[in-house]
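Have the structure open as you read.

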Amino acid sequence: MTAQATDDRTTAPVGGMEVDVQRYAAFAVGNQGGNPAGVVIGAALPTVESMQAVAADVGYSETVFAARQGSEFRVRYYSPEAEVQFCGHATLALGAALADRYGDGIFQLALNSAQITVEGRRTADGAWAALQSPPTSSRAASSAMVTTALDLFSYAQDDLDPRLSPAVAHAGLDHLVIALKDRTALSAMHYDLGAGREFMRREGIGTVSLIYAETATVFHARNPFAIGGVYEDPATGAAAAALAGLLRDVQWPHGGKIRISQGEDMGQPCELVAEITDVAGESIRVSGLAYPMTDQLLG
């Protein structure tokens, strides 16, 4: 694809239409790091083919598309390779973009299979946003799934944290959560992208959420996203919500709030805050900072 630069924008052919794409770094640490997401806000959603083409052209782990419908925004998410049912960092980026466009507020979002909200507030250093996830649930991971996952990442049973058994946690989509007992093991994470994609497709999971509990309320995380064609996501709000719901289900001593550091091993530091109520299955509030990157025009 060829592109012609004009000031801080570029133009490139995507499906015969002109699409205004904003870029935000979500869950940033100040104005550093963060997970980039594409944001498209229009009068109507583009065609499925055009949304997929735009997401592939943008190249981030997700691009979110939103169009106002009455009092809410209809929202869809696309990775470079496929539609995703829910994406936390793209939702946070959308909250920042909506606040920039319409002013501070809480915005109602209609996803493919859930109704959620995102709050966006402007600050001197960018924006703060908070999403309310879809409802959460969790279940124990099968021994076969765990064995395959450990083989995929070259881990052994002895690497697991015995305090938190492997589980499939849900908050808009399923995530396999594997807790490791050593920070060094988390840093050493590696796997084959093709094998990871096949594993995630077969098991119907969005990411593998590899975590290390520094304390009961401070976690470090890495999230392979092979099913979306992305080796690793530097910040994953959906997985953060799913983890928080799991901690509530197993009565982990979370104290009502956890902090998750992610992206450190990628050189893209991110911080996510998840607030946890005592109500089983209730949505999780995930918040963080976001700042705008260079806007581009894809046409």
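## A hairpin and its neighbours

How many residues lie between β3 and β4 in the hairpin they form? There are 6, and Gly-30 in the turn has a positive phi of about 65 degrees. Before going on: this is a predicted model, where local features need pLDDT of at least 70, side-chain atom pairs count only at pLDDT 80 or more, and totals for chains, interfaces and linings use all residues. Residues are numbered from 1 along each chain as its sequence is written, and side-chain values use heavy atoms, with hydrogens and water left out.

Strand β3 covers residues 19-28 and runs antiparallel to β4, with 5 bridges joining the two. Pairing takes at least two DSSP bridges between the strands. Strands (E, at least two residues) and helices (H or I, at least four) are DSSP runs, numbered from the N terminus. As for cover, 7 of the 8 residues of β4 (35-42) are buried, where buried means under 20% relative accessible area, exposed over 50% and partly exposed in between (1.4 Å probe, protein chains only).

Most residues other than glycine have a negative phi. Phe-27 isn't a glycine, yet its phi is positive, about 60 degrees. Phe-27 belongs to strand β3 and is buried, at 0% relative accessibility.

Ser-154 is another non-glycine with a positive phi, again about 60 degrees. Its setting is the loop between α3 (143-152) and β12 (167-171), and with a relative accessible area of 51% Ser-154 counts as exposed.

## Nonpolar cores

A nonpolar core here is a set of buried Ala, Val, Leu, Ile, Met, Phe, Trp, Tyr and Cys residues joined through side-chain atoms within 4.5 Å. The largest one has 62 residues, and Val-75, Tyr-77, Leu-94, Leu-109, Phe-219, Ile-258 and Val-286 have the most contacts inside it. Helix α6 (residues 237-249) supplies the largest share of this core, 8 residues. There's also a second, separate core of 24 residues, with Leu-152, Val-168, Met-189 and Ile-205 among them.

Leaving aside neighbours within four places in sequence, Val-286 is in contact with residues including Phe-27, Leu-92, Leu-131, Ala-240 and Leu-272. Contact means heavy atoms within 4.5 Å.

## Pocket and cavity

Both come from a 1 Å grid over the protein atoms alone: a cavity is a set of points where a 1.4 Å probe fits but cannot get out, a pocket is an open set with protein on both sides within 12 Å along at least five of seven lines, and lining residues have an atom within 4 Å of a point. Points are joined across faces, edges and corners, and volume is the space filled by probe spheres set on them. The largest pocket comes to about 160 Å³. Of its 13 lining residues, Glu-83, Val-84, Leu-173, Gly-206 and Ile-227 are the closest to its centre.

The whole structure has 1 cavity of 30 Å³ or more, and the largest cavity holds about 80 Å³. Among its 15 lining residues, Glu-62, Phe-86, Thr-207, Thr-236 and Ala-238 are the closest to the centre. The elements giving two or more residues to this lining are α2 (88-102) and α6.
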